[in-house]
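Student: I've just opened this one and I'm new to it. Can we go through it together?

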Amino acid sequence: MIRIDGVTKRYPDGTVAVDRLSLDIPDGAITVFVGPSGCGKTTTLRMINRMVEPSEGRILIDGEDSRRQPVNTLRRSMGYVIQNAGLFQHRTIVDNIATVPRLLGWSKEKARSRARELMERVGLDGSLAKRYPYQLSGGQQQRVGVARALAADPPVLLMDEPFSAVDPVVRKGLQDELLRIQAELGKTIVFVTHDIDEAVKLGTMVAVMRTGGRLAQYAPPAELLSDPADAFVEDFLGADRGIRRLSFFPSAELELLTGPVAAAGTGRTAARDTGDAPYLLVTDADGRPLGWAEPGLPTDGPVDPGRLLPCGRPFVAGQDSLRAALDCAVLSPTGWAVAVDGSGRVAGVVSQQAIGEAIRAAHAGGRSDGADTGASAKVAG
Amino acid sequence: MNGLFDLPSDLQHSYLGLVGLHLREALIPVLAGLLLALPVAQLCVRLRWLYPPVLGVTTVLYAIPSLAFFVVLIDYTGQTETTVMIPLAVYSLVVFVPAIVDGVRSVPQETLDAATAMGLGPVRRYLQVQLPIAAPAIIAGLRVATVSSISLVSVGMLIGNQGALGNLLYDGMSYGRPRLVWLSVIGTAVLATVVDALLVLLRRILTPWMPRGARRPSAGNRPEPAVTAGKGAAR
Amino acid sequence: MNVLHFVGAFFGDSAHWHGYDGIPTRLLEHLRYSLIALGVAAAVGLPAGLLTGHTGRGGNVLAFIATAARALPSFGLLVLMFILFGFGLVPVMIPLVVLAVPPILVTTYEAMRSVDPSPVDAARGMGMSEARILFQVELPVALPVVLGGLRTAAVQIVSTATIAAYVSLGGLGRYIMDGLYQHDYEKVVGGATLVAALALVTLALFWAAGRLTVSPGVRRRG
């Protein structure tokens with residue numbers, strides 16, 4: 001565990017970058033520092049590997065003051081990833097990744113084979129090994145940066161806005177990749193970003209910092225969204241934090257109706273045979289959704305898909321969150337969301353109203369659960 | 001003949017007279033070099049393929065020792081100031097061409113596009129956008145060329161006392177008067193420093209948009225300072 | 001009466017190929033002066049430039065020294081040193097070194113300063129020592145420009161070493177100086193041609209050194 005204990009960073013000109021910060025960074029989890037520029041988040045990160053020395057207070061790593069060991073030994077035990085990857089343009093990809101193992105005295109062959117192994121782990125094709133950084137895209141370079149940080153298998157990974165210089169699509173891919181790698185490796189990751197969405201998506205714990213280097217709130221993301229500590233945090237989270245919080249509630253509790261679902265050619269008609277639902281969801285023979293049939297549309301014989309209302313993108317029952325379910329319902333022309341199973345077959349349909357009830361129930365449950373929600377309760381999507 | 005600045009009569013000039021002569025012999029070639037370099041550089045910017053061969057030719061010209069240059073020219077222009085000034089103009093040209101080309105090329109494409117979009121024709125674009133933005137690079141070249149030129153004039157002493165302050169060197173050596181040598185060396189160095197300082201001042205006045213003391217932007221893409229880097233004195 | 005005619009006559013005369021005033025002797029003398037001067041200038045300029053460039057401190061002092069050194073006239077300095085020290089190699093070396101240090105110093109400093117700071121930050125974060133950062137991260141990237149500074153200095157030294165002849169030393173300047181006094185244009189043109197050729201060989205050597213030592217990952221801009 002990394003314990004930040006009453007740490008202040010004051011520069012000679014008097015500016016205070018970090019002000020009496022104390023918090024514990026748990027092992028094997030992603031802790032995200034987030035805040036506006038000038039809030040001291042990067043300074044805090046850089047104090048962990050002593051790129052910046054604290055003016056006051058101390059940082060304990062597994063109970064030991066970080067100043068007790070030689071600074072370069074400390075740094076070699078922590079992977080470090082920065083915004084533009086900071087690759088060495090004069091070295092090939094494989095040699096970039098092998099840097100820290102070589103510093104630690106590994107043989108060239110061992111370091112290189114380790115580097116190739118890591119390339120695969122971060123999703124880089126082995127054919128890129130002998131390339132130079134300029135021959136790679138920004139997203140690929142960032143993967144190399146992550147691989148390089150992981151090369152010596154350090155227990156700690158420090159990431160300073162690693163994904164903020166790539167475009168949103170690539171960024172999403174890198175974030176998913178990081179979560180996947182983290183699920184395999186279970187590193188202690190300290191991640192700095194100014195993007196609250198990234199913080200909520202990646203963080204097991206999120207530390208929101210405000211200008212002047214003070215900690216505004218330190219909590220799991222779900223708690224952050226449900227109970228912002230003050231107006232600053234609430235403002236920083238943005239207007240739709242209620243919606244975003246739904247990402248943390250699973251859709252498993254939703255009661256799915258199978259009544260208003262029928263395969264094409266069965267002859268059932270909406271509004272007459274579907275109970276509550278005014279529309280009938282028509283599927284193909286495999287059970288995949290085709291579209292909604294309006295009341296009175298006969299569905300015996302082959303159905304003309306052009307006469308059906310589109311059902312949009314469905315959510316995966318049990319796997320996606322309530323946010324995904326609500327999104328489907330809001331986007332659906334009928335106000336009903338379509339749930340599918342893992343293989344894309346219809347599992348049932350659910351109304352906006354039913355989702356709303358589930359949300360109310362989840363909120364009530366979420367409050368009583370208190371702080372142990374967070375990543376354990378986080379659901380994909 | 002006892003004053004610090006008193007000179008032997010065979011020099012035919014007072015000290016200040018020599019300083020004036022020195023400045024004239026050094027600065028006229030620099031101006032000539034600049035005027036010649038502008039069209040050559042513009043041609044190199046327009047026709048990209050022309051630049052490498054032009055650079056090659058200028059590098060060879062620059063490698064010719066000034067004394068050899070002077071001596072070869074005596075046949076055509078005699079032991080005159082002109083003989084000294086022609087090589088100096090050529091050396092200045094060699095410094096200016098890459099300085100101007102790199103300076104003009106360093107103007108960002110977006111800036112040029114913006115100028116075009118606002119309806120500036122090629123001539124206006126050159127005079128109002130490219131040249132001003134290239135000004136710091138051109139003045140950097142001007143500094144190098146001027147200081148080098150002031151230093152090189154002294155060598156003209158060897159071809160019939162056409163070296164202005166450099167002529168003191170010969171008298172100092174043959175009459176055994178170190179004072180004269182000191183007067184020559186210190187005088188030339190002070191002259192070079194003062195002119196250099198004036199050029200720095202000129203750049204400040206001409207480019208108020210440059211952040212003070214800032215390094216040139218986008219250093220990563222800067223072309224190699226081929227011959228521009230730190231041009232020296234005599235050869 | 002054109003220059004090429006003189007070049008042909010000079011190199012065609014077998015007397016120019018032998019003895020203490022022969023081309024091989026003069027060429028070796030010239031090479032010796034140039035290499036010593038370049039060596040001393042590099043020994044002064046490179047460490048100073050690398051260190052100030054790496055730390056980012058002392059840039060102003062360095063610029064001041066370079067400007068002052070540049071203002072000193074080589075030929076005048078040669079005569080002055082000759083008067084002070086008498087006949088010998090030292091009076092020739094001082095102006096050559098003073099001539100060569102500014103380009104090496106300034107270019108090395110600028111090259112180091114222009115290295116992208118993020119790999120340096122990454123290297124420090126990985127626990128590289130400052131010496132390793134300088135030699136393994138910054139220098140490989142700065143190398144093409146550093147070599148450019150050395151190349152400029154070398155060409156200037158080769159060209160300027162001709163002045164050694166004025167204070168009765170050898171080198172290719174002998175031909176030019178003697179030719180001037182004897183009104184022997186053949187000698188002047190021949191000497192100048194040899195100097196220019198030596199300068200071109202110097203350029204070629206630096207080009208080859210660049211090909212050998214600069215990583216393809218850095219060279220791409222070409």
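Student: Where does UniProt place the feature "transmembrane region" in chain C?
Tutor: The UniProt record, an unreviewed entry, puts it at residues 31–50, 62–87, 156–176 and 188–209 of chain C. UniProt positions are in the numbering used here, feature names are shortened, and annotations may be inferred rather than shown by experiment. Before we go on, note that this is a predicted model: local features need pLDDT of at least 70, side-chain atom pairs count only at pLDDT 80 or more, and totals for chains, interfaces and linings use all residues. Residues are numbered from 1 along each chain as its sequence is written, chains are lettered from A and ligands numbered from 1 in the order in which they are written, and side-chain values use heavy atoms, with hydrogens and water left out.

Student: Okay. How much helix is in residues 31–50 of chain C?
Tutor: That span is 100% helix and 0% strand, with its end C-alpha atoms 27 Å apart. Helices (H or I, at least four residues) and strands (E, at least two) are DSSP runs, numbered from the N terminus.

Student: And residues 62–87 of chain C?
Tutor: There the figures are 85% helix and 0% strand, and the end C-alpha atoms lie 32 Å apart.

Student: How many helices and strands does chain C have?
Tutor: Chain C has 10 helices and zero strands. Its C-alpha trace spans about 65 × 40 × 25 Å along its principal axes. UniProt also annotates residues 27–206 of chain C as "domain: ABC transmembrane type-1", again in an unreviewed entry. That stretch is 83% helix.

Student: What span should helix α2 of chain C have?
Tutor: Helix α2 (residues 23–55) of chain C has 33 residues, so at 1.5 Å a residue it should span 48 Å. The expected span is 1.5 Å times one less than the number of residues. The end C-alpha atoms are 46 Å apart, which agrees.

Student: Where is the kink in α2(C) centred?
Tutor: On A42(C), and the kink is about 30°. The bend at a residue is the angle between axes fitted to the seven residues ending there and the seven starting there. Just after α2(C), G56(C) takes a positive phi of about 75°.

Student: New topic. Which chains share the most contacts?
Tutor: Chains B and C, of the two pairs of chains in contact. Contact means heavy atoms within 4.5 Å. No contact joins chain A and chain B; their closest C-alpha atoms lie 12 Å apart.

Student: What about chain B, residues 180–202?
Tutor: That span is 100% helix, with end C-alpha atoms 32 Å apart. It is one of the stretches of chain B that UniProt lists as "transmembrane region", in an unreviewed entry.

Student: Now chain A. Which domains does the assignment give?
Tutor: Domain 1 (2–246) and domain 2 (261–359) of chain A. Such bounds come from an automatic or database domain assignment. The C-alpha centres of the two domains lie 43 Å apart.

Student: In what order do the strands of the open sheet in chain A run?
Tutor: The order is β14-β15-β16, three strands with mixed pairing. Two strands pair if DSSP finds at least two bridges between them. The edge strands are β14 (315–316) and β16 (346–351) of chain A. Five bridges join β15 (residues 336–340) of chain A to β16(A), and the two run antiparallel.

Student: Which residue of β16(A) is the bridge partner of A337(A)?
Tutor: V350(A).
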